[in-house]
Amino acid sequence: MRIPAQSVCTAIRDDIVSGVFERGSRLTEELLARRYGVSRVPVREALRTLESEGFVVTRRHAGACVAEPTEQEAADLLEVRMLLEPLGAARAAQRRTEAHLKVLRGLVRLGQERARRGEGEDLRSLGGWFHETLAQASGSPGLIALLTQLRHKIAWMYAVEQPARPADSWAEHGAIVDAVARGDAERARALAAQHAERTTAAHRLRRSGGAPGRDVRAPRSGGRVRTSQHAVNTAGGRH
């Protein structure tokens, strides 16, 4: 069975974002094919896609390597986020379905409950699902793709501190959903812009080699791969 290049691309991207492959490290087709249990063909296609997304660069005499974004490039991502997330919320107010609303309201309820209990790690995951669902509700494939790629890159470049008052953050999420439910695009846009601006202060630039949850260099090992080999999930995954 031929493994889709998209599945391999997702696996490599996830490993770059999580710090398994450090910035600047080489990504040889042979190593990647062994790691994910695939042939070199889907690996080659995946690397081309990741290069177009900015996660990989091709260097003379070295081949494919993990990109090493500058501080300015990282700062630009947060500015782009503050433009695109409000646009996504406004589009969601115009195009959302009842299914989207049901999921968004459920996530807000869970988030508010976990915030009261102080369950920080659950809040991090729920927040990611909330913003992913809000993007999906925009009904714009191009915008969804941009926001998804943006979230991956921000997670790669930044560590995000948990808010001191998580209940306030989830109250903001709830207000955005209320505006989306009413079809009030301008209100949804304004609330999402305020939320994005407030949360930007919680982002801390990672040092090269840092993995999510840390902003320090992770220890290196042979081949600069820090976890054991694993096969690609052929069923695909959420990203």
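Helices here are DSSP runs of H or I with at least four residues, strands are runs of E with at least two, and both are numbered from the N terminus. Hello everyone, and thanks for coming. With that in hand, take helix α8: just after it, G183 has a positive phi of about 75 degrees.

A word on where this comes from. The model is predicted, so to speak of local features we need pLDDT of at least 70, and side-chain atom pairs count only at pLDDT 80 or more, while totals for chains, interfaces and linings use all residues. Residues are numbered from 1 along each chain as its sequence is written, and side-chain values use heavy atoms, with hydrogens and water left out.

Now the overview. The protein has 9 helices and 4 strands, and from the N terminus their order is α-α-α-β-β-α-α-α-α-β-α-α-β. Of its 239 residues, 46% are buried, where buried means under 20% relative accessible area with a 1.4 Å probe, protein chains only.

Back to α8, then. It covers residues 166-182, which is 17 residues, and reaches 25 Å from first C-alpha to last, close to the expected 24 Å; that expectation is 1.5 Å times one less than the number of residues. Its buried residues include W170, H173, I176 and V177.

Among the buried residues of α5 are H100, L101, L104 and R114. Just after α5, G118 takes a positive phi of about 75 degrees.

Next, a helix pair. The axes of α1 (residues 5-17) and α3 (residues 40-53) come within 8 Å and cross at roughly 55 degrees; axes are lines fitted to C-alpha atoms over the stretch in contact, with angles from 0 to 180 degrees between N-to-C directions. The contact, meaning heavy atoms within 4.5 Å, involves residues including V8 and I12 of α1 and V43, A46 and L50 of α3.

Last, the strands. β1 (residues 56-59) and β2 (residues 63-66) run antiparallel, joined by 4 bridges; strands pair if DSSP finds at least two bridges between them. V57 has C65 in β2 as its bridge partner. Between the strands of this hairpin lie 3 residues, and H61 in the turn has a positive phi of about 70 degrees.

Definitions and conventions
Buried means under 20% relative accessible area, exposed over 50%, partly exposed in between (1.4 Å probe, protein chains only).
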